[in-house]
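Subject: Structure handover

Hi,

Here is the structure you are taking over. Please open it alongside this message.

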Amino acid sequence: MIARGKHSIRRRLTGMIMLTSTTAVLLTCLGFTASGLFNWHNRLVADLTTIAHVVSANSTAALTFGDRQAAVEVLNTLREKPSIIAAAIYTVPGEPFARYEPNASIRVPRTLLDDGFHDRSDRTELFYPIQLDHQRLGTLYIASDTRDRNSRIKQYGQIAAVIIFFSLFVAFILAARLQRGISGPIVALAGVAAVVSREKAFSTRISHRRMDDGDEIGDLMTGFNSMLAELEQRDQKLLLHQTHLEAMVDSRTAELTVANEELMLAKNAAEKAAAISTQLARESALILNNATDGILGVGLDNRPTFLNPAGVRILGLTLRDFQKKTIHEAVHHSHADGTPWPEEECVNTVAMRRGDPVPVVNDIFWRPDGTSFPVEYSSTPMFDEDGHQLGAVIVFRDVTERRAIERLKGEFVSTVSHELRTPLTSIRGALGLLSSGLLGPIAEKGQRMLEIAVTNTDRLVRLINDILDLERIESGKVELTRGTVDAQVVLDQAREGLQSIADQAGIQIVTEPATGSLWGDSDRVIQTLTNLIGNAIKFSPAGTTVTIGGTAGAEDFTFRVTDEGRGVPDDKLDSIFQRFSQIDASDSRDKGGSGLGLAICESIVTAHGGRIWAEKNDPVGTRLQFTIPLAVRSTSSLVTIESPAPAVSAVLRKDGAPSVLVIEDDTDLARVMTTALQRHGLRTFHTASGIEAVRLCMQHEPSLIVLDLGLPDLDGYEVVRSLRESEALRSVPLLVYSALDVGSADQSRLRLGTTEFLTKSRCSLADFEAQVVRLVGTVTNEKDSQHAA
Amino acid sequence: MAFLKRTTRAGQTRRASSRFIVFAVVAAGLSARSALAQTVADEYQVKAAYILNFARFVEWPSDSLPASSPITIALVGNDPFNGSLEQALRGRSVNGHAIHFRYVRWNDVLTQYQIIFISAAEEPHLPEILRLIGSESVLTVSDIERFSLRGGIIEFSMVGNRVRFDINRSPAIAARLTISSKLLSVARAVHEDTSR
């Protein structure tokens with residue numbers, strides 16, 4: 001490295017100078033040679049042209065007069081020009097006329113070429129026309145020896161070689177001297193740099209006379225020196241730091257070792273946790289994927305977030321198929337009868353908003369292909385650690401098969417029961433006739449047997465009736481005829497029915513006072529109370545008391561039936577409401593119960609939207625309680641929204657409250673409707689006759705008319721036509737509440753004032769009430785504004 | 001240039017050449033057609049061609065031959081060419097001058113012509129003809145014996161089968177005719193004597 005470095009820059013500089021000067025000299029020589037040859041060729045052409053011109057002019061007469069001797073004489077004058085090595089004169093047809101061939105080895109050509117110059121390797125030939133008075137006489141041929149040119153090139157080459165050699169020599173000497181000025185300082189610099197890098201002797205400095213010159217090399221060396229000074233300074237500082245650093249490194253290493261161990265521990269723990277988490281995630285995925293129930297995650301916007309494979313199978317659509325739809329829009333958009341179901345009323349949405357779980361057992365989901373299936377589901381909200389709601393999880397199950405089995409079972413039971421009831425009625429009738437003695441006297445022993453038969457037949461009939469009753473309630477075949485029910489009234493009625501039985505059993509029935517207006521089917525409520533009180537009497541020893549009563553809560557009224565009997569074991573408190581459930585297997589025979597009484601009670605209470613339960617009475621006995629909704633709830637929206645201000649009403653109504661005329665030929669339904677409307681503070685009239693209805697309208701001018709179309713005398717259309725004839729009645733609001741859908745053509749025939757149409761099977765009683773309240777509100781509002789004007 | 005100076009010389013010995021080649025050269029000067037058509041040429045046909053070519057190597061003073069005026073060649077006496085001279089000259093031109101031809105008698109005014117050929121039959125009248133011409137610019141040509149020595153300018157002579165000619169420069173100079181050195185170089189002999 002150092003040896004090459006010492007000579008490299010010198011050699012390179014010298015080489016560069018030599019190469020430059022050699023190239024220059026070579027190019028110069030080439031230029032001179034080329035221009036010399038060019039000039040030489042031009043001169044040759046000019047010379048030959050001149051010679052050809054003179055010779056051809058001189059040979060015209062010889063040609064003209066056919067004088068070969070004269071022609072040869074003319075050609076022989078070319079001896080003066082040694083470079084002309086051959087010449088000839090040809091006649092016009094191309095025959096040689098005279099030749100000049102001084103060198104025997106060079107012959108003139110036998111045939112003519114075109115006029116002009118023709119270059120051969122060793123000579124240049126010229127064919128020149130011989131003319132006289134614009135007439136061609138013949139052709140002159142002259143050949144000039146051009147070996148002269150080759151020798152000339154060689155001569156030039158020799159001269160060039162001498163020049164190049166000499167110039168290289170001079171250049172070498174000059175370069176050797178001149179390059180020292182450049183390479184000397186650099187070599188010195190390189191030497192110092194080598195020493196510094198090898199021995200780390202940063203105190204070394206360059207000293208050179210060129211440093212004072214102020215050119216770039218001088219600057220370089222000065223810069224190098226200052227760099228060395230800087231390095232020396234740093235080196236010393238570094239040395240100082242080094243000792244300090246070693247101490248620091250030692251302490252840091254110790255700290256790091258400790259930290260490292262801690263990190264390793266933490267890392268192991270984290271890995272373990274990650275493994276567990278992975279395992280959990282895998283198990284969760286397995287559970288989700290293998291669950292037979294559909295599991296559907298929804299966000300707060302009611303849009304799906306995940307759907308497990310079972311869910312995909314059941315719903316017939318994947319998560320992607322939901323697109324932008326909410327759960328409700330995708331699978332829950334309509335009621336079972338196909339009518340649209342607004343999302344605001346959807347139980348899922350409600351559950352989400354409330355943030356509490358809502359189990360649903362009687363609903364349907366819709367598939368994308370338009371089919372629906374019965375479903376049981378529960379919607380459970382999800383919360384994060386901070387208690388913020390993230391969405392909800394809906395677990396659902398297709399219960400089509402179960403429903404089908406239940407229906408089959410129900411049908412089976414009902415068919416069997418009906419088939420049994422007919423023969424049983426005959427048996428009971430026959431036994432009754434026999435035991436009454438109308439058919440003849442019967443021995444006392446036989447009479448006892450007959451009474452046993454009658455008692456057991458009665459029991460069998462009751463059992464079958466209970467079975468049918470329960471089946472009808474549970475299958476929804478029994479419509480509750482709800483109305484406002486006074487709690488005290490039903491309690492008293494139930495007691496009256498059982499008083500004789502209680503007396504026979506030696507049981508005292510105590511009725512506590514109860515205040516409350518219920519919203520329910522009074523017959524069914526009485527049936528429930530009767531069942532419970534009957535049970536209490538049955539299972540209480542003589543001399544004890546059965547206490548009945550109830551209290552009103554915020555939304556419900558709670559009935560209580562308490563006995564002092566043997567009580568129900570704790571583990572049976574829940575199961576006693578199951579069918580054919582008896583505390584002892586012997587009970588049914590002893591007490592003559594069907595085992596269905598409590599099951600029926602539960603069905604009735606549940607149908608009312610209440611609940612029933614049993615608990616131990618202190619110190620002995622059992623207390624059975626059930627709830628029925630109150631008729632007027634403090635939270636009822638219908639009343640608070642639609643109730644008109646009393647002051648205004650008083651002015652506008654003839655008799656105070658707004659009046660509604662109900663025209664309905666089904667008296668039971670009419671009773672339900674009027675009872676319901678009375679709850680809203682409305683006065684109601686009822687008639688089943690169209691003629692009577694028209695008369696009542698004329699007389700009272702009701703605030704609203706509720707009209708059924710199928711009436712025994714005048715039908716609905718005729719009633720409307722009659723009412724239209726009266727100026728006062730033409731603008732009365734009308735609610736057509738019929739069993740049939742009314743077509744648009746028919747609707748026009750039924751209009752009075754504001755007219756609305758409801759179909760009985762398509763709307764609930766609540767819908768009906770809401771519509772009535774709205775229409776009454778409309779009319780009162782209209783009257784308000786008229787009054788204000 | 002030195003080597004050109006020897007183009008004019010006199011009294012050279014000449015090699016004999018075949019009559020065919022002479023004819024071929026002459027024929028080329030006249031017409032490629034006729035040269036190829038004929039194989040044997042008459043002596044006077046050669047001479048007729050020579051007479052035309054003499055006009056090419058001789059310059060007349062401009063006062064006797066203005067530019068673009070015709071050169072008239074006259075045949076004095078009977079016609080030894082048997083019509084071939086007239087034929088050879090018909091439609092020709094030399095140096096921009098058209099060539100005309102006349103048959104004349106010795107006592108016609110001969111000075112109006114640029115070239116006259118004096119038939120050998122007119123030899124008795126020769127002195128009178130040359131006297132009448134005097135120093136006028138007329139090129140005299142004849143094949144009369146010793147014509148060039150008796151005051152004529154160009155004399156045809158036969159060397160074997162070949163037609164040659166001698167030139168006497170003195171009467172030509174007197175007549176202010178410039179004869180090209182090239183013509184002189186191919187003459188058999190050039191005289192400069194002054195016999196008249």
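Below is what was found in it, by region. Keep in mind that this is a predicted model.

Helix H15 in chain A

Start with H15(A), residues 597-607. Two helix contacts are described for it here.

The partner in one contact is H11(A), residues 444-474. The two helices pack at an angle of about 25°, and their axes are 10 Å apart. Angles under 35 degrees count as roughly parallel, so H11(A) is roughly parallel to H15(A). Their crossing is left-handed. From H11(A), the contact uses Asp466(A), Asp469(A), Leu470(A), Ile473(A) and Glu474(A). Facing them in H15(A) are Gly597(A), Ala599(A), Ile600(A), Ser603(A), Ile604(A) and Ala607(A). By class, that contact of H11(A) with H15(A) has 6 nonpolar, 2 polar and 3 charged residues.

The partner in the other is H13(A), residues 522-538. Here the angle is about 150°, with the axes 9 Å apart. Angles over 145 degrees count as roughly antiparallel, so H13(A) is roughly antiparallel to H15(A). The crossing of H13(A) and H15(A) is left-handed. H13(A) contributes Arg524(A), Gln527(A), Thr528(A), Asn531(A), Leu532(A) and Asn535(A). H15(A) contributes Gly597(A), Ile600(A), Cys601(A), Ile604(A) and Val605(A). The contact of H13(A) with H15(A) divides into 5 nonpolar, 5 polar and 1 charged residues.

Gly516 in chain A

Gly516(A) sits in the loop between strand E12 (508-511) and strand E13 (517-520) of chain A. Leaving aside neighbours within four places in sequence, Gly516(A) touches Ala487(A), Gly550(A), Ala552(A), Phe557(A) and Leu630(A). Its C-alpha atom is 10.0 Å from that of Val489(A), a residue 27 places away along the chain.

The sheet in chain B

Chain B has an open sheet of 8 strands with mixed pairing. The order is E3-E4-E2-E5-E6-E7-E8-E10. The edge strands are E3 (93-94) and E10 (189-191), and each pairs on one side only. Further in, E5(B) (residues 115-118) and E6(B) (residues 139-142) run parallel and are joined by 4 bridges. One bridge pairs Phe117(B) with Val141(B) in E6(B). Helix H3 (residues 43-57) of chain B packs on this sheet.

Best wishes

How values were computed: Residues numbered from 1 in each chain as written. Chains lettered and ligands numbered in written order. Predicted model: local features only at pLDDT ≥ 70, side-chain atom pairs only at ≥ 80, totals over all residues. Axes fitted to C-alpha atoms, helices over the stretch in contact; angles between N-to-C directions. Parallel < 35°, antiparallel > 145°, perpendicular 65-115°, else oblique. Left-handed = near helix turned anticlockwise from the far one by under 90°. Contact = placed C-beta atoms within 7 Å. Nonpolar A, V, L, I, M, F, W, Y, C, P; charged D, E, K, R; others polar. Pairing = 2+ DSSP bridges.
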